[in-house]
Amino acid sequence: MTTAPTGSNAVPPMPERTPKALRTAIAQHAPQLLVDFDRHWRRDIADAYDLAPVPAFMARWWAEYALARDPELATKVHGLEDAAGKEADYARAKTLIEEAGRLRREAAKAEPGR
């Protein structure tokens, strides 16, 4: 895994695209995700004899870490989601949740080392 950039507001780079590297990055930079990551791994991957679920597992947790490693972006996305949940106007709520989804998808496109 690449080392994190220096500075108090620096967003750490994405790790290599492997479960082990991703878990290490989560432990270092987004430890609040670690319990759920490990629980999901044990439930769906660790005791499986089929590797078919691994790509879906990695896609989900890659996206989760990509968002969590950037507190400013995570705050923005969660704020949009919270606002959508409180919005009485359906069209406005839909717009808010679509923007949150777009930001999540963009974050998930991050490549290793970026």
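Reader: In what order do the elements of the protein chain run, from the N terminus on?

Author: The order is α-α-α-α-α, and the chain has 5 helices and 0 strands. This is a predicted model, in which local features need pLDDT of at least 70 and side-chain atom pairs count only at pLDDT 80 or more, while totals for chains, interfaces and linings use all residues. Residues are numbered from 1 along each chain as its sequence is written, and side-chain values use heavy atoms, with hydrogens and water left out.

Reader: What makes a stretch of chain a helix or a strand here?

Author: Both are DSSP runs numbered from the N terminus: a helix is a run of H or I with at least four residues, and a strand is a run of E with at least two. As for overall dimensions, the C-alpha trace spans about 45 × 40 × 20 Å along its principal axes.

Reader: Why is Pro 12 called buried?

Author: A residue is buried under 20% relative accessible area, exposed over 50%, and partly exposed in between, using a 1.4 Å probe and protein chains only. Pro 12 has a relative accessible area of 7%, so the word buried applies. Of the 114 residues of the chain, 32% count as buried.

Reader: And what makes Lys 109 exposed?

Author: Its relative accessibility is 54%, so Lys 109 counts as exposed. You will find Lys 109 in the segment after helix 5. Between Lys 109 and Lys 94 there are 15 residues' separation in sequence and 23 Å in space, C-alpha to C-alpha.

Reader: What makes a group of residues a nonpolar core?

Author: The set must consist of buried Ala, Val, Leu, Ile, Met, Phe, Trp, Tyr and Cys residues, joined through side-chain atoms within 4.5 Å. The largest such core has 28 residues, and Leu 22, Ile 26, Trp 61 and Tyr 65 touch the most other members. Two or more residues come from each of helix 1 (19-29), helix 2 (34-46), helix 3 (54-68), helix 4 (71-86) and helix 5 (90-108). Helix 3 gives the most, with 9 residues.

Reader: Which residues does Tyr 65 touch?

Author: To touch, or be in contact, means having heavy atoms within 4.5 Å. Leaving aside residues up to four places away in sequence, the partners of Tyr 65 include Pro 12, Pro 13, Leu 22, Ile 26 and Leu 33. Across the chain, among contacts with a separation of 6 or more, 57% are between residues 24 or more positions apart.

Reader: Why is the pair of Asp 38 and Arg 23 called a salt bridge?

Author: A salt bridge needs a side-chain nitrogen of Lys or Arg within 4 Å of a carboxyl oxygen of Asp or Glu. The N to O distance between Arg 23 and Asp 38 is 2.8 Å, so by that cut-off the name applies. The pair links distant parts of the chain, with Asp 38 in helix 2 and Arg 23 in helix 1, 15 residues apart. Asp 38 is at 17% relative accessibility, so it counts as buried, whereas Arg 23, at 34%, is partly exposed. In general, side chains of opposite charge can pair when their charged atoms come close.

Reader: How many salt bridges are found in the whole structure?

Author: There are 8. One of them joins Glu 98 and Lys 94, at 3.3 Å from N to O. Those two are 4 residues apart in helix 5, which means a separation of about one helical turn. Another joins Arg 102 and Glu 99, whose closest N and O atoms are 2.7 Å apart.

Reader: How do you know that Arg 69 has no salt bridge?

Author: With Lys and Arg counted as positive, Asp and Glu as negative, and His and the chain ends not counted, the nearest side chain of opposite charge is Asp 70, 6.6 Å away. That is beyond the cut-off for a salt bridge, so Arg 69 has none, though it is buried. Arg 69 lies in the loop between helix 3 and helix 4.

Reader: What does the side chain of Arg 69 reach?

Author: It reaches the backbone oxygen of Pro 12 at 2.3 Å. Pro 12 belongs to the segment before helix 1. Not counting residues up to four places away in sequence, Arg 69 touches Val 11, Pro 12, Pro 13, Met 14, Ala 110 and Arg 114.

Terms used: A polar contact is a pair of N or O atoms within 3.5 Å; within protein, one must be able to donate a hydrogen and the other to accept it, and residues adjacent in sequence count only if both atoms are side-chain atoms.
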